[in-house]
Amino acid sequence: MTLSTQNSSPNKPSAAIYVRVSTEDQVKHGYSIAAQEEALKNYCAVLGYEVLKVYKDEGISAKDLKSRPAMQQLLKDAEAKKFAAIFIYKLDRFSRSLKDLILTIDQIKAWGIDFISLQDRIETASATGKLMFHIISAFAEFERNVIGERTKFGMDKKAREGIFVSKAPLGYKFSNKQLVIDEKEAKNILSIFKDFIEKDTSLNKLAKQYNLSTRGLIKLLSNKTYLGLVKFDKEYQGKHKPIIDKKLFELAQKKFEEKRNS
């Protein structure tokens, strides 16, 4: 069956059906892919949808969305807006992780795709369904804020301990999760600082000389990582070795100021 919505009935919105069952579910609860699929196809017909494709994850646990091939394809096609709605049999068929469920449904909603659960009586055309989506959106925002706070706290803690918390800048590399000097690149970093300070060369020309963008060059020349510092909101003494001494760095900043004022 093609995924193109152009082949669906012009009078009916297209729908995707997602069904999942694990081996444990089949033994304990008697769920079956075929039964879910049949019930959902009938439900699509009742609500006036034409089934475009059935996505099946058979014998797969609900623990991780990323480990389910059909789920990943479903989300990819949803983002591409290849159908108007997603039909599922029950929320726990979609995910048993409340966090994953909330964040994923919220993303589907953001793509403009309707989400309909047969057993849970959730469908966005009704007042109850719309209320459910508002509740899900509120929980999703809360969950994103919690994740953001935890991430920020963790990164700030690492920075206070002198651990570099982002991508290694030119002149450095990671070894055993530690930021260490890349000797070959470090020589270029030192040369860039000296050329900028000692030569009357424009930023554009200097950038081209070292195969950098002008913006990248400016960022490099003002990066305090080269002083051995770690910055996350505040500056902390890092555990890595500096490439540039403080006097050279200050001369570069002074020349920056002169160029801005000239």
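Which residue is the bridge partner of Phe232 in S8? Keep that in mind while you get your bearings. What you have open is a predicted model.

**Stop 1: the hairpin**

Select residues 229-232, which are strand S7, and residues 234-237, which are strand S8. The two strands run antiparallel, and four bridges join them. Now click on Phe232: its bridge partner in S8 is Lys234, and there's your answer. The hairpin of S7 and S8 has one residue between the strands.

**Stop 2**

Next, bring up the open sheet, which is built from four strands in the order S2-S1-S3-S4 with parallel pairing. Colour S2 (50-58) and S4 (114-117): these two stand at the edges, and each has a single partner strand, so one side of each has no neighbour in the sheet.

Zoom in on S1 (residues 14-21) beside S2. Eight bridges link this pair in the parallel sense. For a landmark, pick Val21, which stands opposite Glu58 in S2.

**Stop 3: two helices together**

Time for a pair of helices. Two packed helices are described by the angle between their axes and the distance between the axes. Select H7 (residues 183-198) and H10 (residues 246-261). They pack at an angle of about 45°, with their axes 9 Å apart. That angle makes H7 oblique to H10. The crossing in which H7 passes H10 is left-handed.

Show the side chains where they meet:

- From H7, pick Leu190, Phe193, Lys194, Phe196 and Ile197.
- From H10, pick Leu248, Phe249, Leu251, Ala252, Lys255, Phe256 and Lys259.

What kinds of residues make up the contact of H7 with H10? Nine are nonpolar, three are charged and none is polar.

**Stop 4**

Is Asp195 buried or exposed? Its relative accessibility is 12%, so Asp195 counts as buried. To see what is around it, show Leu206, Gln209 and Tyr210: Asp195 touches these residues, leaving aside those up to four places away in sequence.

How values were computed. Residues numbered from 1 in each chain as written. Predicted model: local features only at pLDDT ≥ 70, side-chain atom pairs only at ≥ 80, totals over all residues. Heavy atoms only, no water. Axes fitted to C-alpha atoms, helices over the stretch in contact; angles between N-to-C directions. Parallel < 35°, antiparallel > 145°, perpendicular 65-115°, else oblique. Left-handed = near helix turned anticlockwise from the far one by under 90°. Contact = heavy atoms within 4.5 Å. Nonpolar A, V, L, I, M, F, W, Y, C, P; charged D, E, K, R; others polar. Pairing = 2+ DSSP bridges. Buried < 20%, exposed > 50% of the residue type's maximum accessible area, 1.4 Å probe, protein only.
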